[in-house]
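The sequence and the structure are shown first.

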Amino acid sequence: MQLDQLYQEIILDHYKRPHGRGLRDADDPADRVAEAHHVNPTCGDEVTVRVATDGTVLHDISYDGMGCSISQASASVLHELLRGRGVGEAFAVHEAFVELMSGRGQVTPDEDVLGDGVAFAGVARYPARVKCALLPWMAFKDATARAGVGVSPEVKA
Amino acid sequence: MSSLTIPAGMPQFDDVPRFDVAAVRADFPILDREVNGHRLVYLDSANTSHKPRQVLDVLAEHYAMHNANVSRSVHTLGTEATEAYEGARAKIARFVNAPSVDEVVFVKNSTEAINVVAYAFSNASLGADGDPRFRLGPGDEIVISEMEHHSNIVPWQLLAERTGATLRWIPVTDAGRLDESGLDDLVTERTKIVSLVHMSNILGTVNATARITARVREVGALLLLDCSQSVPHLPIDVVDLDADFIVFTGHKMCGPTGIGVLWGRGELLAAMPPVFGGGSMIETVTMARSTFAAPPARFEAGTPPIAEAVALGAAVDYLTGLDMRAVQWHEKELTAYALDALATVPGLRIFGPTVPVGRGGTISFALGDIHPHDVGQVLDSLGVQVRVGHHCAKPVCTRFGVPAMTRASFYLYTTTGEIDALVGGLEQVRKVFD
C-alpha cells in the first residue's frame, strides 16, 4: 500500500516513542543556549528546538512541540542524529536531509549520513507533507544561528 | 412505539421536496473519478463544491460563443455578453430574494466582499462628508464573533487599526453556539457594525440571528452576515434575514471560482464610497476629479469575471431546479446519519452541535490524539477527501483547545454510503496509529 511509504515503521516508532523530547537546560553552564519556535501556518503544527553548544559541538538538542506524526517524528530523528555531533558534521546532515525532502522522491538517501532520517524518503513524494518533516529542521537551523554557530547554506523547501 | 397523529393542515415530512441523489450525482463528472485506486469520496464541499455539467457547459459556451467585454460595446457579441452577465445578476437577486437587482454586487469571493464593506467604512471615515453610518473613529466599536472565518476577522482588525475603532467579539459556548448572554453589553450605542457568520465553516452551527438583529436595530448599528456556508445549503431570503449586507461565494454553490456576491440594502450601497477605482465604476472623469456610478457598478471596477458570473447564474438555476428546500432536507438527513455514525467511532470527539438541529452538514472532529494531518492522509489513501487543519478559523481551534481539526462536509451529491466510507476509513486510521 502506498501509505506504507509515507508512514514507515521507523517514523511511527519515533512518533509513538519520541527520543529526547522536552526542553532542557544545558548541563554545562558555559554552553551557549538558544532556541527557535517554528509554526506551520497551514496546519498549526508547532515545534520549539533548543541547542546547547560550546561553539564546536552540539552538546544537546532538545525540543517540544505539537503536531502530526511526521513533524514530531522528524524532531525525534533530528535529536538522535545531531545531538553530540560537531557543528560542521551536523550541518552536513542537515543539508542532506533538506536535499532528500526537496527531491520529490528522486533522491536516494545515504543511510550512513541520515540514519533513521532515510525513513522520510517516502514523505518527499507528498508535497503537502514535506513542510511537516522540515519544520523541526528549520527551527534547528534558526536555533543554531541564534546560538552563534555557523550557518548552513540557504535551503529551499 | 407510540403513534402520533399529525393534525390536518400541519406540515409533514412528506411535504418536503426531494430529489434523486443518484440522478444528481450523474450531473457531476468528477464524482466518477478514482483517487488512489478507490472511488472518490468527496467530503470537502465546505471548502469548495463540485460543479455540475450544466455549469461547466455554460462556462465553456460563454467563452466559445458569446465572449466580449461587458457594459461598453455596441456590437452584437458585447450585447450578448452584457445580457448574460446582467441576466446572471438578476438570477442571483431572485435566488436570495433581493428587493432590487442593483443590490447584487459581483466580487471575487466572500473575502473581497467583506473587505469592500470594511474599506467603504475606512474611506467614509477619511473625509468630513462621509455618511455617518460608515464613519468610524476612536470610541466606535465593531463586533464579530469567536466563530468567524479569518476572512471575517482580519479585515475588521485592519479596519480597527486604521480608524482607531475597537474590535469586540461574541464568545462561543462549549456546545459550539454563540454565547448571547452578554449581547446587550457587547452590542451597544458605540457599535457601528456587527459582522457575523451565518453558518460556521468549522463547527457547522447555523446561527439564529433574530435576537442579534433586534439588538443591532435597537442600537442603530449595521449587520453583515457571512453567508458563504449558508447560501449554498439553505434557502436564503435577505428580506426575511433582515440583514444589511450578506456575502457569499460562487465556488461553494456549484459555481466557478473567482466570483462572489456582496448583497447590500440599496440605500446603504448608495451611501458607500467606492473602494476600487477604475473603468466601469465612474459617472464621469476629468483630470481633476471623478464622479461615480450608482451601485452595483460603483463597486465593480475593471473587467469583471464575466464568464464566471454567467456560470454562477447557471449554478443558481441548477440549485433552484433542485429546490433549495430539498437540498436543505437532504443535508439534514445526512447530518443526522453522520452524527449517529460518528458517535460509534471510539475516541471520536465532535466539535460543535452534536444534534442535527441548528447546524448544517459540516462536522469537525478529533480522533483521539491522532493529528488531523495523519487522519486526513490515511483517509486520502482510501479515496476519502476531508479537510484537516485550522480551517481558517484558528480562534475556534483555540477555543476548543486543539491546534487543528478534521472536517467532513456534505453537499447535495453526498450519500450515506460516503459517510460509511468515512467511518470505515477512521477505523483504518486507528489501526495505523493506535
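How many salt bridges are there between chain B and chain A? The count is one salt bridge. In this predicted model, the side chains that form the salt bridge are those of Arg129(A) and Asp374(B), with an N to O distance of 3.0 Å. Across the interface of chain B and chain A, eight residue pairs are in polar contact.

On the side of chain B that touches chain A, α12 (372-381) and α14 (416-433) each supply at least two residues. The largest share, five residues, comes from α12(B). By class, this side of chain B has six nonpolar, seven polar and four charged residues.

The extent of the interface is set out below.

| Item | Value |
|---|---|
| Residues of chain B in contact with chain A | 17 residues |
| Residues of chain A in contact with chain B | 20 residues |
| Area buried between chain B and chain A | about 1,400 Å² |

Carbon and sulfur atoms account for 56% of the buried area. His373(B), Gln377(B) and Phe433(B) supply 35% of the area that chain B buries against chain A, more than any other three residues.

Within chain B, helix α4 (residues 110-126) and helix α5 (residues 154-163) have axes that come within 9 Å and cross at roughly 10 degrees. Angles under 35 degrees count as roughly parallel, and α4(B) and α5(B) are therefore roughly parallel to each other. Residues of α4(B), including Ile114(B), Val117(B) and Phe121(B), meet residues of α5(B), among them Trp156(B) and Leu159(B). The contact of α4(B) with α5(B) has eight nonpolar, four polar and one charged residues.

Technical notes: Residues are numbered from 1 along each chain as its sequence is written. Chains are lettered from A and ligands numbered from 1 in the order in which they are written. This is a predicted model: local features need pLDDT of at least 70, side-chain atom pairs count only at pLDDT 80 or more; totals for chains, interfaces and linings use all residues. Side-chain values use heavy atoms; hydrogens and water are left out. Axes are lines fitted to C-alpha atoms, for helices over the stretch in contact, and angles run from 0 to 180 degrees between N-to-C directions. Helices (H or I, at least four residues) and strands (E, at least two) are DSSP runs, numbered from the N terminus. Angles under 35 degrees count as roughly parallel, over 145 as roughly antiparallel, 65 to 115 as roughly perpendicular and the rest as oblique. Contact means heavy atoms within 4.5 Å. Ala, Val, Leu, Ile, Met, Phe, Trp, Tyr, Cys and Pro count as nonpolar, Asp, Glu, Lys and Arg as charged, and the others, Gly among them, as polar. Buried area is the accessible area (1.4 Å probe) that two parts lose on being put together, summed over both. A salt bridge is a side-chain nitrogen of Lys or Arg within 4 Å of a carboxyl oxygen of Asp or Glu. A polar contact is a pair of N or O atoms within 3.5 Å; within protein, one must be able to donate a hydrogen and the other to accept it, and residues adjacent in sequence count only if both atoms are side-chain atoms.
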